[in-house]
Each structure stands twice: as C-alpha cells, then as structure tokens.
Amino acid sequence: MAPHSGHTAGEGSHAYTRRAALTLASRAAAGAGAGALALSGCATTVNASSDRMHVVATTPILADLAQQIAGDRASVHSLVPAGADPHSYEPSLRDIRDVAYARCALTNGLLLEQRKLTKMVEANLPAGVVSVAVAEKIEQYGGKLEAIVEDASLDSIWLGLRVEEGGQNESAPADSSEAGMRFEVQSVRARTATDSSNAQLAAFITQTFGAVEMLCDSHARGVNLTREGDTAIRTGNMGSLELPLQAHTHLSWAFSDAGEYAIELSATAVKAPESVRSSRGTLYCAVGRDPQELVDRLAKEQNVSAAEIKVLSAGHADITARTGDGRLVLRADSSQGAVEYELNRTVVAVPSRTLQEVPAGGSYRFLRSGASEHRGQVYLLAQAVLGKHVHGEIDPHIWHSVPNAKASVQVIRDALISADPAGASEYATRTEQVMKELDALDAQLRQVYGGLPESARNLVTTHDGYRYLASTYGLHIAGFVSASASGEPSIQQRQRLRRTVEDLKVPAIYLDKSTAMRSPVLTELAREAQVRTGVLYSDTLDAQAPHYAQMMLANAHTIALCSGASSGGDSSGASCSEASAS
Ligand SMILES: [Zn+2]
Ligand SMILES: [Zn+2]
C-alpha cells in the first residue's frame, strides 16, 4: 500500500486559463537583442527593467523546452528548482515576485503541481498575461493522455481511508514511525433483494505489483454468517489494514449484489502514544438502488430528519479516524476544502453504473466467490488513484514520451506567440528545429529500448510516473514500491517485491532521482532481492542532465545498463549499480 500524507483535494482542476493576450509586441521586439541566458531553470534574478520577455514555468523540464523555443527573445525561469520535487514544492516569496513580472506562465497541469503552486501562479500573474497548462493542451497536437486507472468510474465516489489528528490533542505523534492505526471491519450486514447471504463485500488496495491487500473480504474463510430477518450478518476475521498516523490511502470497494450494506469499522491505535484514540463507526452503502430508501430508514432509526442524512455520490472522500477525539468520520473534499460528515449519518451511493466485469487476473479471484446476481460482475468503487502523490485521473508525467514532448513544444510555441506576437516567426522557426531534434531523440530512444531483452522491459520503480515511457517505448510497469509516510516499505511489500522480482526475472529496481537519497531501505531491498538498482530521472533535471534530451537518454542508458545490455553511445547521467553478492 502507499499511504500518503499531505493530500490535497483533487476536484476537477483544469487550471488552464488563457487570458486575453496583451499586445506587447513593441516591448518584446526591443528585447530581442538582450544578452542571452544559456541555461533554463537557472536562478537568474528577475530584473524588472529587463526588456526581454520574462516567462515562468513550473518545472525545469518545461522551462528547458520553453527556453529552446524562446531563444534570445525571452528568458524562461523555472519556479521549482532543478532537483526538487514538483509534487511537493511549495512556492516561496521570491517565486511570487517572479510570477508578478512574467508575461507568460507555463504550468504542467493535470495535478502534477501542488494546488498551492498553481494557485499562486494564477493569483499573482498580472492581468492579461498568458497562462497555459501545457499537458492539458497536448491532445490538440496529437499528444496522448493516459488515465491512471483506465476504467476509473469517474462519476462515482472515490472512497479511501485516512488517519488524522483532529480534535483536542496537544502532542504531535506523527513522527513516530512505528505508530499507526489498524482498520478492521467488525461486521458486514447486507440486505439484498434475493438471498442476502450471497452478498459479498471486498475492500482492497491494488497497488504494489498488482497484488491485492485486503481491508475486508466478507467471504474470507472462517467468517461467521448469521441472519436477522432478511439481513445477513458476517463477523470474524475479514482482514485488516494498517496506516501510519497522518496518512491516507485509496481503496477499491466491490459489492457483489445490489442492496444495503452496513459496514461496522474500527480503527485501533497500534504502537501509538496513549493520546492517540481508537474509533469505531458504521459505514452505510446503498448499492445499485436509490439511496433515498436507506436515508429514510436511517433517519427513522436515529430519530432525525432525512435532511440530516448526507448522501455522498461523487468526489473524493475518506473514512477518517480522528486520533485526537476518537471519532470515525467521512471526510469529503469539496471546493471549499475538506468537509467532515458523521459516518453514521452518511450514505455512500454505489450506483448501477459502477457495475463492471471483475478485473482479469488471479489476484481478483476472491471477487468471484460470492457473486450471485450478476455473474462475473461487481459494483465497484474503483481505487481510481494510485501512488502517493498523484490525485488526478490522468497521469501528468507526459514528457516521458517524446511524441508528447513534441506536442508540448507546439503548445508552448502558441503560448509564447500569444504573449509576444512580434516574435511569432522566430518562435515558429525554432519550434521546427526543436521538433526535428525531438524526432532524432525519439529514434535514438526506440533503438535503445528496442534492444532490451524481454525481462528488462519490466520496470519496477519507486515513482509512479513512467506510464508514458512504458506505453511509448514498449516497456511494462511491473509495479512500484512507494516509500510510505515513514519511508519504510512494509514486510508485505518486501515479500511482494521479492515475488515480483522472481516471477518476472526483473534485473533491476529503479529509484527516482529526487527520492533516491531518501530510500536507503529500497536500496537494501534490492540488495536482498539480488537485483541491480538504477536511478531514473522522473520529474526534474540536474547538473548531469540539464536538458530534456539528456534526461531521456540518461534514463534509456540506465535501463539498458541495468539490463546488462550495452546501450552504446554517451551514457552521461546514467547510473546502475550492481547487485551486491549476499
Ligand atoms: Zn488521495
Ligand atoms: Zn512525479
């Protein structure tokens, strides 16, 4: 599992705006001859009196592409410094000033950047300045976007688990790496149209290596079944899931039959200070039917008006254990920030449109056992979001595919032209040149990746950011290990990693440049599994690979080196260390 903390709301953020472009032609033209700035992403002090157009980009990769197109007409500044992680970068006061002087702003979008950063850009750009979320525009130039989960049912709720402090609690136990909360389902009461005892509930994480981690399987071996009228009650050991304090994870929830489900949950403090309080509550789900029936019944049972029972049917919500006051609540994202609802006074709607085929693959066998109403189908609230940092439904890491980079440069060209129309022909000419270079790069990459042995095509990474690399260059994402909030993979993760490495005969595990230093445990895991470790660029550039093309080549060479094949050519920035004998 990959619990994560510091999560921000993922409500539809298509933060793209194109403000009416000002005609700044005369100023831009005057700036054409100003001294050249060689490097993009450089820490040049912004000079308000400079005549060259000032462009800000959120990431060094965007800044590099933009600088190549801008040439001497503009200086492009990356807000996120080289080597820093754009997922977590927090803007500084200096960034605000940089944005205030910009005449064009380029963001990646698709929730790559923290909302804090994109909001800061939007808030501080002068009126009329062009602002483009590049990744969100690439489709117009043939770029391809990929969903994080292909069949994500975007119009149903994403239901996760979360631990947060909440309430009165002066101590801050979040740093204790062992401390956590264990979520467990105490009972599942199901009432369906036909035989309720067939009704199966499974709540699970499909994340690391495609294996399944079970919070609850109501049909697990040894679970007790009793009846109360037309309600089937299951109790016993159905599974459990542990989260570090202040963490959050996403889950899939599968229901075999339409009906009403009351799921009694507990969250128990584990190895936590005494101030951390356990909690308990019941989650109500209306599956494949109008939730109003259940709302009315709950209102009656609890002696409140139906208006006090909230129906959640979309968006991102977490069953949240508040360790400060020992309450279990439903915390839902909204445009005004997080809103908390009493678990007992909330109905989660699982509409018929969520009905889908049980995913193929042995890891989902458990879902077939109970299905009676729709053979081979389940009502599924999809996990929808994988990874510890990505919260949109589209993978934002588009640049790992050179064809997408080509689309990006055309989007950037358009943005520069609308900010500086007088430079149109210069920008267009340089874009042509950059596109040619990108074609050559693409061919080179295809050659390197094309020469890899089959087993080396399975990528196990620490960063869920290589979907486009895989789909463009014929690799497979075999799994990713994410360091949890405490930075330590669990014992289960270790075991799964071993299994994946053995089953797929992967030659290496790839660490992400920006987090490699912080993952000594993953390095150790690789040693245990006796595979090599390579370090890949993901979201940023550095001194060894200050330009986009070098970054892409370094990754290709790293993967080739780790596969044992010689990649040929310059492998600057490539890095693969041998498995140490153990
Ligand atoms: Zn999330
Ligand atoms: Zn990333």
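Guide: In the largest nonpolar core, which has 64 residues, Leu106 and Tyr548 touch the most other members. Such a core is a set of buried Ala, Val, Leu, Ile, Met, Phe, Trp, Tyr and Cys residues joined through side-chain atoms within 4.5 Å; buried means under 20% relative accessible area (1.4 Å probe, protein chains only). Because domain 1 (17–147 + 398–438) and domain 3 (451–577) both contribute residues, this core lies between them; the bounds come from an automatic or database domain assignment. This is a predicted model, in which local features need pLDDT of at least 70, side-chain atom pairs count only at pLDDT 80 or more, and totals for chains, interfaces and linings use all residues. Residues are numbered from 1 along each chain as its sequence is written, and side-chain values use heavy atoms, without hydrogens and water.

Visitor: How does one read the packing of two helices?

Guide: Two packed helices are described by the angle between their axes and the distance between the axes. Here the axes of α7 (residues 424–450) and α12 (residues 548–563) come within 10 Å and cross at roughly 5 degrees. Axes are lines fitted to C-alpha atoms over the stretch in contact, with angles from 0 to 180 degrees between N-to-C directions; helices are DSSP runs (H or I, at least four residues), numbered from the N terminus. The two helices α7 and α12 are therefore roughly parallel, the term for angles under 35 degrees.

Visitor: Which residues in α7 meet α12?

Guide: Among them are Leu438, Leu441 and Leu445 of α7, and the residues met in α12 include Tyr548 and Met552; contact means heavy atoms within 4.5 Å.

Visitor: With which residues is leucine 106 in contact?

Guide: Leaving aside neighbours within four places in sequence, its contacts include Val55, Leu62, Val132 and Ile412. Apart from the core described above lies another, of 45 residues, including Ala179 and Leu241.

Note on methods:
Chains lettered and ligands numbered in written order. Buried < 20%, exposed > 50% of the residue type's maximum accessible area, 1.4 Å probe, protein only. Parallel < 35°, antiparallel > 145°, perpendicular 65-115°, else oblique.
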